[in-house]
Amino acid sequence: MATNRWLRPEVYPLFAAVGVAIGICGLQLVRNMRINPEVRVNKEKRAAGVLENFEEGEKYAEHAVRKFARSRPPEIFPSLNRFFSDPQKN
């Protein structure tokens, strides 16, 4: 009886949205734990204190997605923007 209350077709988009949000949070958590230079899980690395590792921090901050986005124009739909901003060419 409880499954009929929660597993209705109109609830599926909510489940999908929550699932995607949990997935994004999980991926960011794993990314930070694996490659963030400021996060140290091992006891030996935590005992080192504050490290001056600017190269590693720069590598973490300048990842491939950020480098790709920096070379692109800041538009979501460039062709649609051109269509509405310059109507005499259309």
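A residue counts as exposed when its relative accessible area is over 50%, and as buried when that area is under 20%. Keep those two cut-offs in mind. One caution before we start: this is a predicted model.

Phe-84 comes in at 60% relative accessible area, so Phe-84 is exposed. Phe-83 sits at 43%, so Phe-83 counts as partly exposed.

Those two residues also belong together. The structure holds one aromatic pair. Phe-83 and Phe-84 form that pair, and the arrangement is edge-to-face. Their ring centres are 5.0 Å apart, with 80° between the planes.

Now the overall fold. The protein has six helices and zero strands. Reading from the N terminus, the order is α-α-α-α-α-α. How does the radius of gyration compare with the globule rule? For 90 residues the rule gives 12 Å, and the protein has 23 Å, well over that, so the protein is more spread out than a compact globule. The C-alpha trace spans about 60 × 60 × 15 Å along its principal axes.

Of the 90 residues, 4% count as buried.

Last stop: Asn-36. Where is Asn-36 found? Look in the loop between helix 2 (12-35) and helix 3 (43-46). Its relative accessible area is 16%, so Asn-36 is buried. Setting aside neighbours within four places in sequence, Asn-36 is in contact with Arg-31 and Tyr-60.

Note on methods
Residues are numbered from 1 along each chain as its sequence is written. This is a predicted model: local features need pLDDT of at least 70, side-chain atom pairs count only at pLDDT 80 or more; totals for chains, interfaces and linings use all residues. Side-chain values use heavy atoms; hydrogens and water are left out. Rings of Phe, Tyr and Trp (its six-membered ring) pair if their centres lie within 6.5 Å; planes under 30 degrees apart count as stacked, over 60 as edge-to-face and the rest as tilted. Buried means under 20% relative accessible area, exposed over 50%, partly exposed in between (1.4 Å probe, protein chains only). Helices (H or I, at least four residues) and strands (E, at least two) are DSSP runs, numbered from the N terminus. Contact means heavy atoms within 4.5 Å. The radius of gyration is taken over C-alpha atoms; the globule rule is 2.2 Å times the number of residues to the power 0.38.
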